[in-house]
Amino acid sequence: MNATQIELFEHVTDAFSQPHDGRLTNREVYRIAAGRAGISQAELDQPRAFGKEESMRSEVKHRIRWILNALKTSGVIQHVADERGVWELTEAGRSKLRKIRPEVSCLGYSTDLGIAIWSDSKRVLDHWQETIFLALTSPPYPLRIPRLYGGPPAHAHVDFLCRHFEPIVKHLAPGGNIVLNLGDVFEDHSPAKSTYIEEVTLAFKARFGLHLMNRIIWQSNKPPSPAHWASVNRMQVNEGYEVCLWFTNDPVNCIADNRRILEPHTERHKDFVAKGGAKVARSNGDGAHRQRVGAYSSPTEGRIPRNIWHIGNRCDSQRAYKARARELGLAVHGATFPLELARKFILFMTEVDQLVVDPFFGSNTTGLAAEQEGRPWLAMDIGYDYVRGSAERFRDAPGFELALP
């Protein structure tokens, strides 16, 4: 394929990113692609002889039809049933083609508190000026077979994350926080786990000077996996959690405050406190843990959470988002986290009026949680369908304005 053909190929694929439903007739593809390529109508219609029979056809239209067939073969587009000469994006094609170009940013929607931008986050954040207090995100995992939203392979994942977090770290408030929700993946054709989570941890320390405050374990009702190595070959156990790496640039002055997420005391603990607390002095672990008489006798506002959070991944807010996105003919994000998880992190690590950022927002759960808790927010994603679909979650937010069709 020569340079001219490559350029035309890009114009044809770009044409399918224009209509809301990703559906075009042959005539519409000809017109849009030719217009983008600067080809006049006369040039588009100009015939030349083809084949042994020297039939007269438009050379440009012939090349465009060849590209359409190539896109069909690769699974990007398909014929619309019972409609002659009409094409539409497949689900996989919708994800591949509706990604914003690296050099372009576009406002997706906004509220009085936040902005969602259709863009690569690094492009936006490289020009950002305001202080960031929390970056909370679930970045693409380095899967061997990527999901529709894409993602870097394992060997490039650390550099990918560091490249996108460099501008965030630059604008992070003293004592500000970064939380990455990451899931384990396995080595190719192996029951052994990848060490990419450990590599990310070390890279954030070495490259940015960030300190690992904790590993919050998010335990949920996720489906059992890895099926092949646990259920078939029986040499692994099923996964039951994902890890949320929590970093800060100033651990001594970290702005997180667990008093904002205290949990209710059990009835047993309340009874223990009411009866005067500990009755016997104890010393355990060679004196490392000492208990005096009367310890735990003062009532407190609540129980300090442990670093294992039990939050189910079945979320009414996510179900509503996915149902609405499908109604609009949009691809839904395949790896979302529950609203409750995002709200807990935001309450724990920010105060009202402190900016929360998500550089890979997907269904924009981080933005929605920030909106509900009165925090300003900034969210970015490269997928049109995710930006447009997530907008439906903000319809009732004060000041909501939709900028995309």
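## A first stop: His171

Let's begin in a loop: His171 lies between helix α7 (154–170) and strand β9. Helices (H or I, at least four residues) and strands (E, at least two) are DSSP runs, numbered from the N terminus. His171 is buried, with a relative accessible area of 15%; buried means under 20% relative accessible area, exposed over 50%, and partly exposed in between (1.4 Å probe, protein chains only). Leaving aside residues up to four places away in sequence, His171 touches Leu125, Trp128, Gln129, Glu130, Thr131 and Ile132, where contact means heavy atoms within 4.5 Å.

A word on what you are looking at: this is a predicted model, in which local features need pLDDT of at least 70 and side-chain atom pairs count only at pLDDT 80 or more, while totals for chains, interfaces and linings use all residues. Residues are numbered from 1 along each chain as its sequence is written, and side-chain values use heavy atoms, with hydrogens and water left out.

## The open sheet

How many strands form the open sheet? There are 10, in the order β14-β10-β11-β9-β8-β15-β16-β7-β6-β17, with mixed pairing. Two strands pair if DSSP finds at least two bridges between them. At the edges stand β14 (308–310) and β17 (401–402); each has a single partner strand, so one side of each is left without a neighbour in the sheet. Helix α8 (residues 196–208) packs on the sheet, where α8 touches β9, β10 (211–219) and β11. The direction of α8 makes about 5° with that of β11; axes are lines fitted to C-alpha atoms, for helices over the stretch in contact, and angles run from 0 to 180 degrees between N-to-C directions.

With β11 (residues 241–248), strand β9 (residues 172–182) pairs in the antiparallel sense over 6 bridges, and Ile178 stands opposite Phe247 in β11. With β8 (residues 132–137), β9 pairs in the parallel sense over 5 bridges; here Leu136 has Val179 in β9 as its bridge partner. Of the 11 residues of β9, 10 are buried, so β9 is largely enclosed by the rest of the structure.

Which helix gives the largest share of the core? First, the core itself: the largest nonpolar core has 43 residues, and those with the most contacts inside it are Tyr109, Val179, Trp309 and Phe345. The largest share of this core, 7 residues, comes from α12. A nonpolar core is a set of buried Ala, Val, Leu, Ile, Met, Phe, Trp, Tyr and Cys residues joined through side-chain atoms within 4.5 Å.

Helix α12 (residues 339–349) has 8 of its 11 residues buried, so α12 is largely enclosed by the rest of the structure. The buried residues of α12 are Leu339, Leu341, Ala342, Lys344, Phe345, Ile346, Phe348 and Met349. Phe345 touches Leu134, Leu136, Val179, Ile216, Cys244 and Trp309, not counting residues up to four places away in sequence.

## Salt bridges

Side chains of opposite charge can pair when their charged atoms come close. A salt bridge is a side-chain nitrogen of Lys or Arg within 4 Å of a carboxyl oxygen of Asp or Glu, and by this rule the count comes to 20. In one of them, Lys61 pairs with Asp45, the closest N and O atoms being 3.2 Å apart. This pair links distant parts of the chain: Lys61 is in helix α4 (residues 59–73) and Asp45 in helix α3 (residues 41–45), 16 residues apart. Lys61 is partly exposed at 22% relative accessibility, and Asp45 is partly exposed at 38%.

Another salt bridge joins Arg260 to Glu351, with the closest N and O atoms 3.7 Å apart. Finally, a network of salt bridges links Arg324, Glu327, Arg388, Glu392 and Arg395.
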